Amino acid sequence: MHGSGIPIWFFIGVLLVAYGAIIFCYGVYEWHSGIYPPLVQLTNLHTPVWWGGMLLALGVVYVVKFRPGRGGE
Amino acid sequence: MFGLVPACLAAGSIGSLPSFLAFSAAPLARLGSWDIAVIALYFGMVIWIGFYLRGRTNTGEEFFMAGRQMTAWIAGLSFVSANLGSLELMGWAGSAYQYGILATHWYWVGAIPAMLFLGLVMMPFYYVSKTHSVPGYLFLRYGEHARVLAAISFALEMILMSGVNMFAMAVVMKVVLGWSYTFSIVVSAFAVTLYVALGGLRSAIFNEVLQFVLIWGGALLVPVLGMIQAGGVSGLKTQIIANMHSDSYFHLWRDTGQFAANPMGVHWTGIVFGLGFAISFGYWTTDFLVVQRVLAAHNLRAARMAPIIGSFFKMAVPFIVILPGLLGLVLLQNPDGSRMQLVPQDTWKACAPISPDCAPLLKQTSLSPAVQRDVLEQKEGPRSDLHSYNEVLPLMMVRYLGPGLLGLGITALIAGFMSGMAGNVSAFSTVWTYDIYKPLINKKGFDSHYVLVGRASIVLGVLVSIGAGYLVQKSHGIMDYVQALFSIFIAPLLATILLGMFWKRATRIAGFLGLLLGIAFSAGLFEWVHLYPAKLAYVALSPDAKPMAENVFRALWACLFTALVIFVVSMFTKPRPAAELEGLVYGVTPLPKEDPVPFYKNEWTWAGLVVVIFCALNILFW
């Protein structure tokens, strides 16, 4: 958004942080416990860990870069 | 939202939304607490955004046009996101399963040229005229009658589409998760009403950008993991050829020289001129639902860049929509390990529960006789492993996404439906307030009064949408008309606006008559084929044409007919003085000078890059 106020990218960053944290934590739990959902394929790739981690990292970047009061888009 | 209707929905014979109302014996997935947390967070976020933006939408310009403060990136993502609803995602994935890569035409030739044309050629006229809406432009160019005709048609279409979206979401949630219709409708209607009535167009745009991120975050894993399991591109090709005994699934143009040579039953002339021009240009350059997003840009350069930015992402969408459909052809398995074969929507509906039509329809599928016998022996409902083409995307999600990730995928679908509804009601609110209420009911209100009317119309619009949705649900025949509304209306509108914008001789009465008769002509063609399906051979110029071909050729004929009417009537009526057309018509409008920018910020540079990528993709998948 052009002008002052909280940019949309900040909201997106907050949501990505929350989603990344949830998915990453579940992935770590799953890997640690060795209990995988029975019908899901390719669990050996530990998708929740790396995908959750990526969402979390991206979210942190957006939250920091577009935090209120800092300016930007 | 419902703009470019998925092939499997648009092609009436294959099925339509009400077919979805027949639901599986058991939901495809069950959500755990991790997934519920992800979905709940999304609802919390959209409502937070609505309340936050409430204080920033006090004037009409802020409420209806988002204050014209959007950057090119936000306007561009919102522009492309407005056509990335869940109905489109699931429908086109199903079309890819059915037709192969041919379905990609609706994302490439059916979108990219029109998006570039809007940004580079048409946007200056929309922007310079400072109109609030596309019907508003018609008023400036052709007068009140054309505006009212376009506004009423558009408002009706938006309300019906919003209702369709709401019910589509309820149906998908029923099929995928087993949720009740009432629960889904109440929750989505409440959330959409709250955040759009509070924040107006700005809130709708914010949520569209949010939805765009969620869709990529939730759906990107499916093709990535699917390609790993299929053994890459070569593995996918080998398996599809082995299963389907045809390599047509990988060719965009090679087999379109004859109607009968490709599974979609279309000819390249229909794809290029009907889809690539009449339908695509009609939707992307004159449908107010998408144009409104670009009009909200903060300056002309941003408004021109927005569709160009959107076109990059549009070209990438087949990766998360078409590819999962193709992967479904080789990867989906029944519980016993055999290859799962999806069936057309009407077959699925006829067999859930078993109806007299089930057996003959099953015989037309590629299911083995043993499986067909199993299906027919089910007395209480369908086998849990009998699924329709439209379920391919949720099935692929369930296959690869575990707890948390599945919640994200489902949230992406919910977000798609909700932002679709939000787009419909926010566009309806603007057209209702500026093009119907203000000129016809109360011309002298204060700005604050029109904002109040806009907010009230959103609440009213959602309520009417629910009623319209129930009506569509109860009467299956109506759905065919609802889906046809878009294609009936948009092609005549395209011809009317293009001639108005680029031919100064076009007169007021010619514009109105062209639009009116064009809509009547298009509706007449639709009804003709609807009543007498064999007449499709005349509309699409071939006895081998399939329903998909009707849509593209009908749009082309309607566009040409409208242009002919406008041309003939204009030649016999008095044109408006050139001075009156300043700011509205090419050739008499001094375009504003834009400050020079480095080449990497220039819209022509990026448009050139889009053209190169677009050509390369079409050659690569020829």
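Guide: Leaving aside its neighbours within four places in sequence, Gly404(B) is in contact with residues of both chains: Ile22(A), Ile23(A), Tyr26(A) and Pro48(A) from chain A, and Trp34(B), Asp35(B) and Val38(B) from chain B. Two residues are in contact when their C-beta atoms, placed from the backbone, lie within 7 Å. The model is predicted, so local features are given only at pLDDT of at least 70 and side-chain atom pairs only at pLDDT 80 or more, while totals for chains, interfaces and linings use all residues. Residues are numbered from 1 along each chain as its sequence is written, and chains are lettered from A, with ligands numbered from 1, in the order in which they are written.

Gly404(B) sits in the loop between α20 (392-400) and α21 (405-440) of chain B. Helices here are DSSP runs of H or I with at least four residues, strands are runs of E with at least two, and both are numbered from the N terminus. Gly404(B) counts as buried because 29 C-beta neighbours lie inside 10 Å. The cut-offs are 20 or more other C-beta atoms within 10 Å for buried, 12 or fewer for exposed, and anything in between for partly exposed, with C-beta atoms placed from the backbone. Between Gly404(B) and Val192(B), which are 212 residues apart along the chain, the C-alpha separation is 24 Å.

In total, 23 residues of chain A are in contact with 30 residues of chain B. On the chain A side, the elements that give two or more residues are α1 (8-33) and α2 (47-65). The largest share, nine residues, comes from α1(A). By class, the chain A side has 17 nonpolar residues, five polar and one charged. Nonpolar stands for Ala, Val, Leu, Ile, Met, Phe, Trp, Tyr, Cys and Pro, charged for Asp, Glu, Lys and Arg, and polar for the others, Gly among them.

Chain A has two helices and zero strands. Of its 73 residues, 37% count as buried. In the loop between α1 and α2 of chain A lies Leu42(A), which has a positive phi of about 55° although it is not a glycine. His46(A) is found in the loop between α1 and α2 of chain A too, and its phi is near 50°, also positive in a residue other than glycine. Most residues other than glycine have a negative phi. Leu42(A) is partly exposed, since 15 other C-beta atoms lie within 10 Å; His46(A) is partly exposed as well, with 15 C-beta neighbours inside 10 Å. In the segment before α1 of chain A is Gly5(A). Gly5(A) and Glu30(A) are 25 residues apart in sequence and 40 Å apart in space, C-alpha to C-alpha.

Among contacts in chain B between residues at least 6 apart in sequence, 85% join residues at least 24 apart.

One helix pair in chain B is α3 (residues 33-54) with α10 (residues 181-219): they pack at an angle of about 75°, with their axes 8 Å apart. Axes are lines fitted to C-alpha atoms, for helices over the stretch in contact, and angles run from 0 to 180 degrees between N-to-C directions. That angle makes α3(B) roughly perpendicular to α10(B); angles of 65 to 115 degrees count as roughly perpendicular, under 35 as roughly parallel, over 145 as roughly antiparallel, and the rest as oblique. Residues of α3(B) in this contact include Phe43(B), Val46(B) and Ile47(B), and those of α10(B) include Leu194(B), Tyr195(B) and Leu198(B). The contact of α3(B) with α10(B) has 11 nonpolar, four polar and two charged residues.

A second pair is α15 (residues 300-316) and α27 (residues 603-620) of chain B, whose axes come within 10 Å and cross at roughly 20°. This makes α15(B) roughly parallel to α27(B). Their contact has 10 nonpolar, one polar and three charged residues.
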